[in-house]
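Here's a quick tour of one structure, with a stop at the ligand and a few stops at the rings. Have a look at it first, then read on.

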Amino acid sequence: MKVLIVFTHPNSNSFNHALLENVSSGLKQAGHEIKIKNLYEEGFNPVLDSDDLSKLHNGHTPERIAKEQKELLWAEGLVFIYPLWWFTPPAMLKGWFDVSFSNGVAFEYSDAGAKGLLKHKKALVLITAGASKDYFDKNDSLEISYRPLTDGTLGFCGVENVKHEIYYDVVNCTDEERAEILKQAHAYGVNF
Ligand SMILES: Cc1cc2nc3c(=O)[nH]c(=O)nc-3n(C[C@H](O)[C@H](O)[C@H](O)COP(=O)(O)O)c2cc1C
């Protein structure tokens, strides 16, 4: 499968980056063709501004948006790796969806209502969190951390097979626990 990995973390020595390396090697091991989209490294501009919106509205796709959509539509599978920031993806990734998932490309409206247009066979969403599982359970906040992306964006746009995993407490966990998470991430790649 052609797999686009959208990676969102500013540091190349982060735990998230180690996740990226492990998922990528797993995917390659399984024979998938991968492209890594490192949003910070690319200097991606996450702001969908008034000029972009008016061009889109008039049926003209700005070049920078067309470039993102070409990469999105190249892929048959999608992987997202990011840290949870204020119970949401970093603004950089949120902006990538704003910019790339345009009306007419990712979804459309008809008399029958909204319809997803994306044909990706599957998506994998790996999220790291600083808080513990106990904290999430107590605050009833687990679903709000992933559903806006897994259901509200990917599901809405037609990607039905979406797996997600949240790795809790990654700031305080032991080296052994980190190694176990990385092993699991590699396996997610192999079994994608
Ligand atoms: C701006 C910011 C907001 C954060 N918000 C949350 C949060 O809402 N919930 C949470 O569990 N952790 C939160 N964290 C902690 C990060 O999720 C954690 O540092 C990250 O997952 C660790 O991975 P890394 O070492 O690769 O950065 C936040 C961190 C930052 C910098």
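Predicted model: local features only at pLDDT ≥ 70, side-chain atom pairs only at ≥ 80, totals over all residues.

## Ring pairs

Residues are numbered from 1 along each chain as its sequence is written, and side-chain values use heavy atoms, with hydrogens and water left out.

Searching the whole structure turns up 11 aromatic pairs. To pair, rings of Phe, Tyr and Trp (its six-membered ring) need centres within 6.5 Å; planes under 30 degrees apart are stacked, over 60 edge-to-face, and the rest tilted. Take phenylalanine 107 and tyrosine 109: their ring centres are 5.6 Å apart and their planes sit at 75°, so this is an edge-to-face pair. Phenylalanine 107 is buried at 14% relative accessibility, whereas tyrosine 109 is exposed at 55%. Tyrosine 135 and phenylalanine 136 are also edge-to-face, because their planes are at 85°, with centres 6.3 Å apart. Tyrosine 135 is partly exposed at 39%. There's a cluster too, with ring pairs linking Phe80, Trp96, Phe97 and Phe101.

## Charges over rings

Two lysines are worth a look. Lysine 35 lies over the face of tryptophan 74, 4.3 Å from the ring centre. The charged end of lysine 122 sits over phenylalanine 192, at 5.3 Å from the centre of its ring. The test for this is NZ of Lys or CZ of Arg within 6 Å of the ring centre and within 35 degrees of the ring normal.

## Around the ligand

What surrounds the ligand? A shell of 16 residues does, and the closest are His9, Asn16, Leu84, Trp86 and Thr128; a residue is near if one of its heavy atoms lies within 4 Å. The shell splits into 11 nonpolar, 5 polar and no charged residues.

Now the polar contacts (N or O pairs within 3.5 Å). The side chain of histidine 9 puts an N or O atom 2.7 Å from a ligand oxygen, and the side chain of asparagine 16 has one 2.8 Å from a ligand oxygen. At glycine 130, a backbone N or O atom is 3.1 Å from a ligand nitrogen. The ligand taken alone exposes 640 Å², and the protein buries 71% of that.

## Cysteines

How many disulfides does a search of the whole structure find? The count is 0, with a cut-off of 2.5 Å between cysteine sulfur atoms. Cysteine 157 is buried at 4% relative accessibility, and cysteine 173 is buried at 11%.

Conventions: Polar contact = N/O pair within 3.5 Å; in protein donor to acceptor, adjacent residues only side chain to side chain. Areas by Shrake-Rupley, 256 points an atom, 1.4 Å probe, with all protein chains shown as cover. Nonpolar A, V, L, I, M, F, W, Y, C, P; charged D, E, K, R; others polar. Buried < 20%, exposed > 50% of the residue type's maximum accessible area, 1.4 Å probe, protein only.
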